[in-house]
Amino acid sequence: MTNEEVLQYVVNSIRIIRKQKKISQMELCLRANMSQGFLTNLETGKKEPSAMTLIRIADALEVSPRDFFPESEVGEGVDVRSEIKNEIMELLARL
């Protein structure tokens, strides 16, 4: 997957999980302490989320940040999920 495809997968996952949990954008914004405009731009792919933003959204949705990412194919090269997971774990360790 290209970086753009991963980003699209992530923002689609956020929207899908939010809707599955029957949480409005406004409710997610309140839970994750972000503006509705930012979340709208994120869900439409106009903004790229930082690792901390993904952590806040995952916490607000009561899921793991890794739930937003696709599984890597065997032999695909870099394991995107592992790389992102490592970045998130490093950020969490700093908190």
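Here are legends for a handful of close-ups of this predicted model.

View 1. Reading along the sequence gives the pattern α-α-α-α-α. That comes to five helices and zero strands. Of the 95 residues in the chain, 33% count as buried. As for how the chain folds back on itself, take the contacts between residues at least 6 apart in sequence: 52% of them join residues at least 24 apart.

**View 2. Helix α1 alongside helix α4.** Here we look at α1 (residues 3-20) and α4 (residues 51-61), whose axes come within 11 Å and cross at roughly 20°. Since angles under 35 degrees count as roughly parallel, that crossing makes α1 roughly parallel to α4. As for handedness, α1 passes α4 in a left-handed crossing.

**View 3. Side by side: the residues where α1 and α4 meet.** On the α1 side, look for V10, I14, I17 and R18; their partners in α4 are L54, I57 and L61. Sort the residues of this contact by type and you get six nonpolar, no polar and one charged.

**View 4. Helix α4 and what follows it.** How many of the 11 residues of α4 are buried? Eight of them are, so this helix is mostly covered. The buried set is A51, T53, L54, I55, I57, A58, A60 and L61. Of these, L54, I57 and L61 also show up in the contact with α1. Just after α4 comes E62, which takes a positive phi of about 60°.

View 5. S13 lies in helix α1. Is S13 buried or exposed? With 10% relative accessibility, S13 counts as buried, because the cut-off for buried is under 20%. Leave aside the neighbours within four places in sequence, and S13 is in contact with D67 and F68. For the F68 side of things, zoom in on the backbone oxygen of F68: a polar atom of the S13 side chain lies 3.2 Å from it.

View 6. R66 has its place in the loop between α4 and α5 (80-94). At 41% relative accessibility, R66 counts as partly exposed, because that value falls between the 20% limit for buried and the 50% limit for exposed. Now find V10, which belongs to α1. V10 and R66 are 56 residues apart in sequence, and their C-alpha atoms are 9.4 Å apart in space.

Technical notes: Residues are numbered from 1 along each chain as its sequence is written. This is a predicted model: local features need pLDDT of at least 70, side-chain atom pairs count only at pLDDT 80 or more; totals for chains, interfaces and linings use all residues. Side-chain values use heavy atoms; hydrogens and water are left out. Axes are lines fitted to C-alpha atoms, for helices over the stretch in contact, and angles run from 0 to 180 degrees between N-to-C directions. Helices (H or I, at least four residues) and strands (E, at least two) are DSSP runs, numbered from the N terminus. Angles under 35 degrees count as roughly parallel, over 145 as roughly antiparallel, 65 to 115 as roughly perpendicular and the rest as oblique. A crossing is left-handed if the near helix is turned anticlockwise from the far one by less than a right angle, and right-handed if clockwise. Contact means heavy atoms within 4.5 Å. Ala, Val, Leu, Ile, Met, Phe, Trp, Tyr, Cys and Pro count as nonpolar, Asp, Glu, Lys and Arg as charged, and the others, Gly among them, as polar. Buried means under 20% relative accessible area, exposed over 50%, partly exposed in between (1.4 Å probe, protein chains only). A polar contact is a pair of N or O atoms within 3.5 Å; within protein, one must be able to donate a hydrogen and the other to accept it, and residues adjacent in sequence count only if both atoms are side-chain atoms.
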